[in-house]
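Please open the model in the viewer and keep the selection panel at hand.

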Amino acid sequence: MSYNKLGALRFIEENDVKFIRLQFCDLLGELKNISITSNQLSKAFDEGVAFDASSITGFTPIEDSELFLFPDPTTLCILPWRPQHGKVARFFCDIKTSEGKTFEGDSRYILKRIIEKAKEKGFVFKVGAECEFFLFKTDAEGNPTLETTDKATYFDIAPLDQGENTRREICLTLEQMGFEIESSHHESALGQHEIDFKYDSVLESADNILSFKTVVKTIAGRNGLHATFMPKPLMNTSGSGMHINMSLFKNGENIFTSKQNGTLPVIAEQFIAGILTHIKEMTAISNPIVNSYKRIASGFEAPRHIAWSYKNRSSLIRVPATMHGHNRIELRSPDSMCNPYLTLALMLAAGLEGIDKQLVLPPALTENAYEMSPAELLCKEINLLPANLNDALLCMKQSEFVKNILGEHLFDSYLAEKTKEWNDYNQTVHQWEIQNYL
């Protein structure tokens, strides 16, 4: 249920809620919060809650560090794993300056700004995310190990699937929070899982991705396990992605729905063309860590080839079939370590540009891209995603498109943080080097 300010205050009072978590995410998509008691909520709605923004990655310098959190009443949710006597609720927040202006480094605001541009054109963007994750055992001190919880593979069941009960508890917790769970199953790699929840409007979906990750980690921890969304924790097996399923609505109708002959409408083709045009520039956002590129480069159905298809899982963008044709597109490259607000803002903006410029979509790829030679890829003009984080950052640095969407503050801060991360990685002597060169 979506609340306004008065409805939220009434709900808090009537449901024995004693503590409020005001949540937001930093530049890199890490969830942050500050807690207040319920009797401070009305003041928070009116005046905001101050915090030291210089301590948050990518926000403001220490000489200009005062920012304010304003809870969004539509995001009210009880946290089911917290005590049910003196309950705990959470709100996602808007971030403002001391002058009452929107903070330009608020990534949730960046997405809301692109949503408004889509709204002006009559479009509503709806998104569903498929977030894969691993469950690992912990040691005696509670630290994560690389020992998986099971030896199961794709769609296996108990007793092979030893994560079944944890996955069930995660699903039930998410349902208590208002998620509509569509399916859950064991994924291809040992200890790997997927839980799919129903699509929603893009802002709600971005909020849901952050909530989903919190629930998965929390419930796993309560079961003595460690959950990770790291894209490639294990070698020689599948990695974890966050496939993004996208539809565009106008006047309540899904305008990506296929025609009678089964082909996509032109507007859907233009949307795909926009994403393919800018995907290399956006990859540093959608695949944000050094480890992201271990998944992309390793095969195992991880997309590297900038192409699209109707069924072919070796393509970057796939158009899944339903019993009634096609009505969505699936982008297969992002992973769950990304900031979902920035990633989805860029996807929507790129798709809208494709529509505005009436970009022409190249022919669908029908071959298995993994088996194509470099000459064959060149002949079909199929490019590849960046091979590592440094290459991705170079593509982003040259992109006026990404800079315009993120704004100068976020753009520069993100490049600075991620360049430091790459340099730290590049200067580290890794175990592989010791084994091979010492």
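A cavity is a set of points, on a 1 Å grid over the protein atoms alone, where a 1.4 Å probe fits but cannot get out; lining residues have an atom within 4 Å of a point. Grid points are joined across faces, edges and corners, and a volume is the space filled by probe spheres set on the points. By this rule there are 2 cavities of 30 Å³ or more.

This is a predicted model, in which local features need pLDDT of at least 70 and side-chain atom pairs count only at pLDDT 80 or more, while totals for chains, interfaces and linings use all residues. Residues are numbered from 1 along each chain as its sequence is written, and side-chain values use heavy atoms, without hydrogens and water.

Select R21, Q23, L31, L79, W81, R90, F92, M177, L210, S211 and T214, which line the largest cavity. The elements giving two or more residues to this lining are β1 (17-25), β6 (87-97) and α5 (202-222). The largest share, 3 residues, comes from α5. The space in this cavity is about 60 Å³.

Next, select C25. The structure holds 0 disulfides (pairs of cysteine sulfur atoms within 2.5 Å). For C25, the nearest cysteine sulfur belongs to C338, 9.9 Å away. C379, in turn, counts as exposed (over 50%) because its value is 66%.

Finally, select V429, in the loop between α11 (400-426) and α12 (431-437). V429 is exposed, with a relative accessible area of 59%.

Definitions and conventions
Buried < 20%, exposed > 50% of the residue type's maximum accessible area, 1.4 Å probe, protein only. Helix = DSSP H or I, 4+ residues; strand = E, 2+ residues; numbered from the N terminus. 1 Å grid on protein atoms, 1.4 Å probe; cavity = no way out; pocket = protein on both sides within 12 Å on 5 of 7 lines; lining within 4 Å.
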